[in-house]
Amino acid sequence: MTSNIKCIGVLTSGGDAPGMNAAIRSVTRAAIFDGIRVKGIYRGYKGLITGEISEFKTNSVSNIIQQGGTILKTARCAEFLTPEGRKVAYETMQREEIDALVVIGGDGSLTGANIFANEFDVPIVGLPGTIDNDLYGTDVTIGYDTALNTIMQSVDKIRDTATSHERLFFIEVMGRNCGYLALNSAIASGAEAAIIPEISIEKDQLSDLIEQGFRKSKNSSLVLVTESEITGGALKLAERVKTEYPQYDVRVSILGHLQRGGSPSAQDRILASRMGVAAIRALLEDQRNVMIGIHENEIVYIPFKRAIKKEREISDELLEVLRISSI
Ligand code: ADP
């Protein structure tokens, strides 16, 4: 393979996700394996603007595969939203002799990457690093499996207290406008239902749930709720139960940032390692402005434009599994 790429920059941006370190490690080692220099860019696009950059060698990424978070730090960067900010970022790349970028992040980070790549003709490959599993074209994203396991373990604990007091619990999880975390963690933890944005648009899931003769025969009721303006979140739903269905003893548990932390699962470490190697291969093949995805256990390239379109559909099959298995 011939390529003009002599040096790549790698950054993590937006919400952190377990497995980002495994991805940084894999990108770094795969590039060096192919004779390409690597520069680590700190704090996402912010570091590209301020020039917070250092050369990475193979041992710069030693002993990190098992660590949550990101050694490169991450940030949200308002300046990168402006053409002036992105121009400074491009100048930094030229000064540092960075020929291409690997951006590890979610929907927002890849949207920024797409705009930047089109403005300055910079080769960029993205890795889907987000617990939300909300990117189109990949079956899973880096961090999703670990977050799912963390949520499942937390819900198992909440079940003990919910059962003892015979309470209805709304457990709020992350996901922004994507219900996969709530739906799959509801299945995995044996919860009664999931209230997710994709369905909230069409119908009132709370009244459906209660009017279907909600679990009088069960000791406790656990409902997973996606944190989203569309669902209203767990607190708003609990308020509604208190006024509309006062016969229920309702409690709320918002899992919050613990969902992002912890050592990545084996699945996330393997996924991140595969995607990191694939990112360098893609750049060497002159692929640009694509996100690495995984579909039917094969690596795929998804053009940024498709990956960030906001239409990841929820699986009807998973909805049915939850409905059937929670009767
Ligand atoms: P995530 O990548 O986890 O979805 P954000 O949505 O916060 O996180 O995006 C991370 C960063 O990506 C933003 O702080 C900004 O620097 C950049 N970004 C997001 N959207 C755009 C955009 N439309 N144009 C340029 N940069 C963007």
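Predicted model: local features only at pLDDT ≥ 70, side-chain atom pairs only at ≥ 80, totals over all residues.
Helix α3 passes helix α4 in a right-handed crossing.

**Helix packing**

The axes of α3, which spans residues 83–95, and α4 come within 11 Å and cross at roughly 70 degrees. Angles of 65 to 115 degrees count as roughly perpendicular, and α3 and α4 are therefore roughly perpendicular to each other.

A second pair is formed by helix α6 (residues 180–188) and helix α12 (residues 316–325), which pack at an angle of about 40 degrees with their axes 9 Å apart. That angle makes α6 oblique to α12. The crossing in which α6 passes α12 is left-handed.

**Ligand shell**

Helix α4 also has a part in the ligand site. Residues 107–120 make up this helix, and it supplies six residues, the largest share of the shell around the ligand. In total, 17 residues surround the ligand, and the closest are R76, C77, G108, S109 and R176. Sorted by class, the shell holds five nonpolar, eight polar and four charged residues.

**Contacts with ligand oxygen**

| Residue | Protein atom | Distance to a ligand oxygen atom |
|---|---|---|
| C77 | backbone N or O | 2.7 Å |
| G108 | backbone N or O | 2.9 Å |
| S109 | polar side-chain atom | 2.5 Å |

For C77 and G108, then, the protein atom is a backbone N or O, while for S109 the atom belongs to the side chain and is polar. The protein covers 83% of the 550 Å² of accessible area that the ligand has on its own.

**Summary**

Helix α4 links the two topics: six residues of the shell come from α4, and α4 is crossed by α3 at roughly 70 degrees. The other pair, α6 and α12, packs at about 40 degrees.

How values were computed: Residues numbered from 1 in each chain as written. Heavy atoms only, no water. Near = heavy atom within 4 Å. Polar contact = N/O pair within 3.5 Å; in protein donor to acceptor, adjacent residues only side chain to side chain. Areas by Shrake-Rupley, 256 points an atom, 1.4 Å probe, with all protein chains shown as cover. Helix = DSSP H or I, 4+ residues; strand = E, 2+ residues; numbered from the N terminus. Nonpolar A, V, L, I, M, F, W, Y, C, P; charged D, E, K, R; others polar. Axes fitted to C-alpha atoms, helices over the stretch in contact; angles between N-to-C directions. Parallel < 35°, antiparallel > 145°, perpendicular 65-115°, else oblique. Left-handed = near helix turned anticlockwise from the far one by under 90°.
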